[in-house]
Amino acid sequence: RERKNMLRFQMACTALFIAFSIFANITAFFREATDYLSPLSSVLTGSYFILLGVTFGSFIGGLLTGRRNSAFIGLPAATAILTTSTMYYGEYKMLDGVLYRFGFSKFFHPMPYTVIAPVDLLVIFASGALTAFLAGLIRYCSKRKANKRKKYFECKSMQQQIQ
């Protein structure tokens, strides 16, 4: 049951990621090349990075179905964080040592001695947190349905024994 739910989650993540990629490529033609992104582009880029981490984490979680909670929830979350961090590093290298900025306030400016802003850390850790939450939700819902089915069959066998 858990494997089936995880496979559905992987398919949904993959479809959503492909849709986001298509949407990002279409809207890229209508943007100017600046260091600061518009609010719509900022939301799209942040969501894209989070979804990339969640998608990659879901595939790692698919390999770990049936394992302990720490492995099934923790490793996909860590993988999502690493994937999103790698995406940021790729952007950093591609843009010759700078990152796109999501806005003008202090929350969007780089922290001292780094190129990463607090919003970038939020996006990185949000991908891991969302992956952990969804993996935990899949585990909880799978066990809950299995317990309901088990109780149903126990009641049915008791009724047959009485008759």
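Modeller: Helices are DSSP runs of H or I with at least four residues, numbered from the N terminus. With that in hand, look at Thr65, which lies in the loop between H2 and H3. H2 covers residues 39-63, and H3 covers 69-94. This is a predicted model, where local features need pLDDT of at least 70, side-chain atom pairs count only at pLDDT 80 or more, and totals for chains, interfaces and linings use all residues. Residues are numbered from 1 along each chain as its sequence is written, and side-chain values use heavy atoms, leaving out hydrogens and water.

Although Thr65 sits in a loop, it counts as buried because its relative accessible area is 5% (buried means under 20%, with a 1.4 Å probe and protein chains only). Its side chain makes a polar contact with the side chain of Arg3, at 3.0 Å (a pair of N or O atoms within 3.5 Å, one able to donate a hydrogen and the other to accept it). The Thr65 side chain also reaches the backbone oxygen of Gly62, at 3.4 Å. Leaving aside residues up to four places away in sequence, Thr65 touches Glu2, Arg3, Met6 and Phe72 (heavy atoms within 4.5 Å).

Now step back to the nonpolar cores, sets of buried nonpolar residues joined through side-chain atoms within 4.5 Å. The largest has twelve residues, including Phe17, Tyr48 and Leu51. H2 gives it four residues, the largest share.

Technical notes
Helices (H or I, at least four residues) and strands (E, at least two) are DSSP runs, numbered from the N terminus. Buried means under 20% relative accessible area, exposed over 50%, partly exposed in between (1.4 Å probe, protein chains only).
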